[in-house]
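The structure itself comes first.

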Amino acid sequence: MAEIERPRRPVPSRTGPIRNIRCLATPEEARHPSSEAEEEARGEQGEPGEPEAPVGTAPAGATLGYRVIEDYLRQGQESARKLAKGLAGFGAGGSLPELSERLLRDGLVWMETVAKLWASLDPPEGAPEATTAGPEVRVKLASRALAEVQVELRPGREGRELGVHPLRGTDPTAPTLGAPAMGRREDGGFELCLRIPDALAPGRYSGIIFDRDDGSVQGTVEVRVDAESETA
Amino acid sequence: MTPAPDPPIEVAIIGSGCAAVSAAFELTRPEQRGRYRVTIYQEGWRFGGKGASGRGPGRRIEEHGLHIWMGFYENAFLLLRECLAELDRDPTTHRFARFEDLFFPDPVIGVVDRRSDAGAANWLGYFPPGAGTPGDPDQPARAFSVGDYLVRLVQLVQALLLSAGRAEGASFEQVPSAEGASFEQAQSASESLEPGALLERIARLLRYGQLATLSSALHASQILQIALRQAGRIPRSPLLGLLDLIGRAAESQLAALVERDDELRRIHELVDLILAVVRGAVRFELVSHPEGFDAINDYEWREWLRMNGAQESSLNSSFVLSLYNLPFAYEGGDPARPRAAAGDALRCCVRAFLTYRGSFFWKMRTGMGDAVFEPFYAVLKQRGVHFRFFHRLTHVSLADPGRSPLGEPTFVESLDFEVQAETRSGGEYQPLLEVDGVHCWPSEPDWSQLWDGERMRREGRAFECFWDRRHVARRSIRVGEDFDMVVLGVGIGAIPHVASELVARDPRWAEMVREVKTTATQAFQLWLREPAGALGWPEAAVNVTGIDGAFETWADMSHLIPEERMAETPKSVAYFCASLPTSSDPPGPEETGYPAAQRERVRRHIVQYLDREIGRVWPRANPGGEFRWDLLIPGQGPDGGNAEARGALRLESQFWTANVSPSARYTLCLPGSARHRISPLDHAVDNLTIAGDWTACGLNVGCVEAAVMSGRLAAHALSGAPALSEITGYDHP
C-alpha cells in the first residue's frame, strides 16, 4: 500500500523532565537557557525549537549548605529519638500560658535562625563567577534498540579522570545497564562508550559521573531505551 | 497575522478539558502564524472535562466538584491571563474582563483536628501572601532545588507558628510579624571575632550540652550564623554540633508541652514532619539524584516519612490526612486505603506550600466553566478553531506497521466517532447562554438547536454519560483528508475503550492503563437559608477538610451568590466533595444501570452525612441527629425539584454528582505507578500526542496545573513550542 504523504512530528530533543543536579545548579539559566535566541529563532524562521540546555554548577554556598544540613540531621536524629520517647527537657515547669508564650517566641527565633543561616550561604563577595560551558562529551553507542543518551557534565573537568557508576533503572529489582567506559580524548573532551544489551528491558537508566581521584559527583548519564527496536 | 507559507497542518484535538484546551491555545498562538489549524471534538455540549460547570435552575452554578486553584499553578494562570489579555474585554462593560475579576486570594485552610481530649477542633492554617501573582510573566528566578526548598520549609514553619499564635477572635492582620524579633537583639561582639576565637566560643557552648536559657540559644544562633559566613575557615564539625544544640533546645521545649496544648501539638507534628522530609532528602540523596524525587516514587508517602523518623502521631495527624483528602488519594476511593507515591507527593507538597504566589488558594468568583473555559472558548473561536460538539470518540485506528517507512513509528490513520446530536441549522452548535451580559455554559444542552432536540430532552439523553450510547450517526475522519495530527485529550479511564489498538500493540500503553489508576468522586452543593455562622461554624468562610463521614471536604462558596439568579437568594452556598469507593475499573458500556445506581448511592451518602456528620462543622444544623432539611432552598423552576418537598426529599432541589464515567474519574498517583506513565513527548506514534493529568507531564498529580503542563507538552510535541524551558516546573527535582 502506498505511503501517505503527511507532515511529520519534529523528533523531540528529549522525552522526559530534567530531574538531576543541573536543576539545582543555576536554575535560571537551566530553565531559560537562551530566551533571546529562542525568540530570534521563532521570529525569523517560524520554527520555535527546543534549545540545547547548558550545563551548570552548584554554587559553593549551596553545596556547603547541603553538607551542613546532612550532617546536622544525622546528629539531630539522636534528639529526634529522644523527642519520640517523650523526654521533657528543660522548660517543663511553669504555667501553660507562660510556657506557650515562651515556646512560640523561642520557636520563632529558632526558625528564624535557621532561615537566616540558609540565607547566609550565598557565595562570598568576590567569588569567581561559575562557568556554564562543560567539556564536550562524545557518545559511542552500540544498541539494537532505539536509545536516547543524555550526558550532563560539570564545567572545568578537563584533564580529570572520570568514571561512571552502573546505570540503574527506576525499578530497583531490575538488572543494571552496567557502567559505561569514560575515556579522555586528546582535545581535552571525553568519550563515553556504551553498549546496550539486546535483552535489556525498556526504560530509563541513570548513573553518576564521578571523579576517580576524590569520588566527587561530576555529572550524570541518563539513557532511555525504547521498547521498539530500530529496525522494527 | 501573516499566513503560514505552507498548507496548514490540521490538528484534531479530542476533548476540551484543561489539557486539551491548553494544547489548542498553544498551537494557535499568533506566533505560530496559522501553521496549525485546530478542530476540537467533544462529546456533549460543553467544554471543561473534569473542570466543567454549568448554569442550572435559577442560573445557579453546578460544578463537577470543588474547584479551587492553588497559588503554584504557574502554567495554568499564565495561559488564562494571556487568554484574557488577548480578549481585551472592557472591564466597564464585562464584569469578568480581568484576572482579578475572576479570581481572589484565599490564604486560609481549615482542618478538623482530633483534640488531645479526644474531641474535635477546627484548626485554621494561614498562609501569608507570597510575592507576586501566579502566572506573572516577569516572575523572579525560581530555584526549584532541594536546597532552596529546605530554606522555604523553615520559612513555612515560621508562618504556621504565627498562625498558631493567633489569639482567638483576632484577625490575621493583628498577628505580630516575625520580623524584628529578638534575634536582632542578640547582636554581640562575635561579629568581629577571628576564626580561632569563634571556635573557642563554639566549643564552650558545646561543652554545656544543652542551652539552658533563651539568651544562650540566641547567642549560640548568632555565633553560628557568623561562623558559617566564614565557611571554609571554620571546621564543619563544631558548626554542626552547634546547630544540633539549637535544634535540640527547641524540640525539647515542644515535647514538654504538646500533650497539654493542641496548638503546640500541631506545631510539633509539623516540625517533626519537616525534619523527616529533610532527613529523607539526605538519606535518599535527593539533592543530587538523577531521578530527583522520582527516586522515592516506589514508596508510599507516609511509609517514606515513617522510615525517615516521623512519629506515628504526626503521620496520623489531620494535617497529613488532609494531604490525602485534597487530591482524593485513596485507592479505589476507599478511606481505609490512603496511598500516594512519595516522590510525587513530596514534589506536589513543596510546589504547593513553598512556591505559591500571591495566595495559597485562589477562588473563582463564578463557575470554573465560566471563569476558565468560556474565555478560552472565545479566544479559540476568535483564532479560527472549529468545534465539533456531540462527537464521542469511539476508536483510534493505527496504520498497519508496513505502511510506515522502515524505522519510522506508526501513525493514526483514522478516528471514529459517534455523533450524539446534530444541529437543525447544519452549522456549528452555539454552546453558551447569556447571564446579564456574560456568556456562561449551561448545565444542559440548548435542545432547541438540535434536530429532534425536544424528543432527546424528554428521553433524558445524557451526552456526558459513558453508558448512554445513543447517537444519531457515526463519523470517521482520516489522516491526510481531515487531519494530520491528533491530540488525544480524553481521561485515562477512556483510553482502553477508545485506543484499544494502541494498548494491544504497545506494552507500555498496556502497562499504563493497568497501573495508572483512577478513583470515582462524589460531590454535592447546598443552597442554604442561613449563613454558616448561624449554623455554628465559628470562623470566617474557609475550605475545611478532615471532616468525618463520606465527605471529608467542605468549602464555603457563598461568594458565588451574587453571580447566581435564584428566586430566593440563599444566605450561604456550601460545596462538599470526596472520593467515592468503587471498583478501580468501572464496568463496560453494557452496564447501563450503573450510573443511576451510583448516583443513588451518593444521594444516600449525602442524607446520612447531613443527618449524622455535619454537626462537626455546623453544630446547629442537625440538632437531635437529624438535619434541618428546611434549611435548603427548595426548587428553582421546573427542573429544580419539588418546591413543596419536606424532609430529605428537599435534597432533590439541590445538586449532586457521582463522577463515575471513565473519563470523569480522578487520576491517582499510586506508589510505583508514575514510571508507567507515557509522556506527551513520546514518539511511538508519529502523528499522535496525549494530553491530560494522567500523562508523564512532570507533575504527576491530578490537578489543573498538571493538565495544563501536559497540554503545553503536547503542543511542544507537535510544533516544538513552547520550549520545554518555558513550561514552569517541568524540569524539577
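## Chain A

Among contacts in chain A between residues at least 6 apart in sequence, 66% link residues at least 24 apart. The model is predicted, and what follows should be read with that in mind. Of the 232 residues that make up chain A, 36% count as buried. Chain A holds five helices and eight strands. Along the sequence, these elements of chain A follow the pattern α-α-α-α-α-β-β-β-β-β-β-β-β.

Three strands of chain A form an open sheet in the order 1-6-5, and the pairing in this sheet is mixed. Strand 1 and strand 5 of chain A are the edge strands, each pairing on one side only. On average, neighbouring strands in this sheet are turned by 20 degrees against each other, with direction ignored. Strand 5 and strand 6 of chain A run antiparallel and are joined by four bridges. Opposite Met182(A) stands Leu192(A), a residue of strand 6 of chain A.

| Strand 1 of chain A | 137–142 |
| Strand 5 of chain A | 181–184 |

## Helix 13 of chain B

Helix 13 of chain B covers residues 368–382, which is 15 residues. From its first C-alpha to its last, helix 13 of chain B reaches 21 Å, close to the 21 Å expected at 1.5 Å a residue. The helix bends by about 30 degrees at Glu374(B), and a proline, Pro375(B), follows within four residues.

How much of helix 13 of chain B is buried? The count is 12 of its 15 residues, so the helix is largely enclosed by the rest of the structure. The buried residues include Glu374(B) and Pro375(B), and also Met368(B), Phe373(B), Tyr377(B) and Leu380(B). After helix 13 of chain B comes Gly384(B), which has a positive phi, near 95 degrees.

## A loop residue of chain B

Leu560(B) sits in the loop between strand 19 (553–556) and strand 20 (572–580) of chain B. Is Leu560(B) buried or exposed? Leu560(B) counts as buried because it has 20 C-beta neighbours inside 10 Å, and the cut-off for a buried residue is 20 or more.

Leaving aside residues up to four places away in sequence, Leu560(B) touches Ile61(B), Thr366(B) and Val573(B). Leu560(B) and Ser572(B) are 12 residues apart along the chain, and their C-alpha atoms are separated by 8.9 Å.

Definitions and conventions:
Residues numbered from 1 in each chain as written. Chains lettered and ligands numbered in written order. Predicted model: local features only at pLDDT ≥ 70, side-chain atom pairs only at ≥ 80, totals over all residues. Helix = DSSP H or I, 4+ residues; strand = E, 2+ residues; numbered from the N terminus. Expected span 1.5 Å × (residues − 1). Bend = angle between axes of the 7 residues up to and from the residue. Pairing = 2+ DSSP bridges. Axes fitted to C-alpha atoms, helices over the stretch in contact; angles between N-to-C directions. Contact = placed C-beta atoms within 7 Å.
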